[in-house]
Amino acid sequence: MTTTTAKTTSTTTQISRSGILKLAWPIILANASVPLLGLVDTAVIGNFGSLAGLGAIAFGAVIFSFVYWGFGFLRMGTTGFVAQAAGAGDEQEVRAALWRALLLALVLGVLLLVLQSFILAVSLFLLNGSDQVEALTTDYFRIRIWGAPAALGLFALMGTLVGLGRSKSLLLVQLVLNGLNMLLDIWFVAFMDWGVAGIALGTVLAEWISVVLAMGLVLRLLLQTRDAGGLAITLFPRARVLHPGRFRQMLTANADIMIRTLLLVFSFAWFIALSADFGDEVLAATHILLQLISFSAFFLDGFAYVAEALVGRACGSKNLAAFDQAVWRSTELAAVSAAGLAVLIVLGGSWAVAQLTAFAAVRTAAQAMLPLAALYVLLSFAAFQLDGIFIGATRTRQMRNAAVVSSLLFLLLSLPLTAWWASSGLWLAFIAYLCLRAVALAWHYPVLRTSVGAS
């Protein structure tokens, strides 16, 4: 079946709520499959491995989560550039944006392989585990690092699928990645008795198989696309891909997103570190409540991803009506979802906490802070949506600056509020940080909107 340019890149001014839901639900399911993998890894090692193995899996997850999260710009930046090119009907630039991202992912993946000894040494120094845990973590890391080029390539390919509005293809890739990973982990550990090394090998194989699948899906989509005259379009427009100005634009945007992401990671780490000052019970309770918040984020991220794609297309086509509909209709759905999730936490949070811990002191501490966790979820949709809007518009400098301002103010607020109201004050500072992120981006929104219809 031949897909015309009009079908893949046109931006309609009739963006319906049902259409947004149709795009969002595969992303929500794809996101929800990620924590399930962590649970399976833990269960497999917990039943067929050792206590040191569990510690090694925890350390390995922290190391790779931090490294890969730092390179999340490969997904977000690619989405914005691809969506805008698609909205402008510039199929050559869609391809060029994809290949530039893949080239950058390859360079960064090889760089991680070259620097693996340094990364491992620094990580083990900071984590400071027992000798046995560190030895098993080393085994895990040395194997899993060979999946880095594939993992980073997947970011670029997934960003392309989001930018083109192919959320079902994204779901397929994510399910294959995590489903295959789970099956291989069970096989290598439960049946082959390879322990931590088996977990790492299963992840590497799943990453390489999934990147091949994602590449096949993207190339199939691009090969089907024709220009206005019905002619095939060059798959690798070399001059466009290697254009210095375009490369510089991509690198600048990605650097902004990376700074923004690292500040976000730092702010969460600061929140957890201050929670530890109130004792193990409060720290454990905070960890449990963050799991509920993460669960809510799966839903809200779905609408933010859709906003990225639709806003990017509207910006590319200079269609202000489509931009307004994409922003407000996706935000309406996100707001309703956030309200529903907040109510769910208030009504069912105590039950969820009871399922996650048997310690009475932890349950008591978590239940006392449940209303604050619900308030966080209720207000979170604004920051999520604005992130998606600015990613789609590739206004990354504003995102970086908003992250700097909100993180700094969070640090300044957290200390006095914690001193006045203990752990409740810390949560209030954390909620204020979330609101400050949204306010800082909302400050730039009118200028962004005005620029959409400009020639």
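A cavity here is a set of points, on a 1 Å grid over the protein atoms alone, where a 1.4 Å probe fits but cannot get out, and its lining residues have an atom within 4 Å of a point. This is a predicted model, where local features need pLDDT of at least 70, side-chain atom pairs count only at pLDDT 80 or more, and totals for chains, interfaces and linings use all residues. Residues are numbered from 1 along each chain as its sequence is written, and side-chain values use heavy atoms, with hydrogens and water left out.

**Cavities**

- How many cavities of 30 Å³ or more does the rule give? The count comes to four, with grid points joined across faces, edges and corners and a volume taken as the space filled by probe spheres set on the points.
- The largest cavity has a volume of about 100 Å³, while the second largest cavity holds about 80 Å³ of space.

**The largest cavity**

- The lining is made up of Arg-260, Leu-264, Ala-383, Asp-387, Met-399, Ala-402, Ala-403, Tyr-433, Arg-437 and Leu-441.
- Helix 12, helix 15 (360–392) and helix 16 each put in at least two lining residues; helices in this text are DSSP runs (H or I, at least four residues), numbered from the N terminus.
- Which helix gives the most to this lining? Helix 16 does, with six residues.
- By class, the lining of the largest cavity has seven nonpolar, no polar and three charged residues. For the classes, Ala, Val, Leu, Ile, Met, Phe, Trp, Tyr, Cys and Pro count as nonpolar, Asp, Glu, Lys and Arg as charged, and the others, Gly among them, as polar.

**The second largest cavity**

- Around this one you'll find Phe-73, Leu-74, Gly-77, Thr-78, Phe-81, Ala-97, Arg-100, Ala-101, Arg-246, Gln-249, Met-250 and Asn-254.

**Helix 12 against helix 16**

- The axes of helix 12 (residues 244–276) and helix 16 (residues 396–452) come within 9 Å and cross at roughly 5 degrees. An axis is a line fitted to C-alpha atoms, for helices over the stretch in contact, and the angle runs from 0 to 180 degrees between N-to-C directions.
- The two helices are therefore roughly parallel to each other, a label for angles under 35 degrees.
- The contact of helix 12 with helix 16 draws on 20 nonpolar, seven polar and five charged residues.
- Ala-269 belongs to helix 12 and is partly exposed at 42% relative accessible area. On the accessibility scale, buried means under 20% relative accessible area, exposed over 50%, and partly exposed in between (1.4 Å probe, protein chains only).
- From Ala-269 to Arg-166 there are 103 residues in sequence and 33 Å in space, C-alpha to C-alpha.
- Over in helix 16 sits Thr-418, which is buried, with a relative accessible area of 14%.
- Leaving aside neighbours within four places in sequence, Thr-418 is in contact (heavy atoms within 4.5 Å) with Leu-274, Phe-278, Gly-425 and Leu-426.

- Is Ile-345 buried or exposed? At 8% relative accessibility, Ile-345 counts as buried, and its place is in helix 14 (residues 320–356).
- Not counting residues up to four places away in sequence, Ile-345 touches Ser-296, Leu-370, Ala-374 and Val-377.
- Ile-345 and Pro-371 are 26 residues apart in sequence and, C-alpha to C-alpha, 8.1 Å apart in space.
- Ala-352 is in helix 14 too, and its 15% relative accessibility makes it buried.
- Between Ala-352 and Arg-363 there are 11 residues in sequence and 9.9 Å in space, C-alpha to C-alpha.

**Positive phi in loops**

- Asp-193 isn't a glycine, yet its phi is positive, at about 60 degrees.
- You'll find Asp-193 in the loop between helix 9 (167–191) and helix 10 (195–224), and it is exposed, with a relative accessible area of 58%.
- Lys-318, another residue other than glycine, has a positive phi near 55 degrees.
- Lys-318 lies in the loop between helix 13 (280–317) and helix 14, and at 44% relative accessible area it is partly exposed.

Note on methods. Angles under 35 degrees count as roughly parallel, over 145 as roughly antiparallel, 65 to 115 as roughly perpendicular and the rest as oblique. On a 1 Å grid over the protein atoms alone, a cavity is a set of points where a 1.4 Å probe fits but cannot get out, and a pocket is an open set with protein on both sides within 12 Å along at least five of seven lines; lining residues have an atom within 4 Å of a point.
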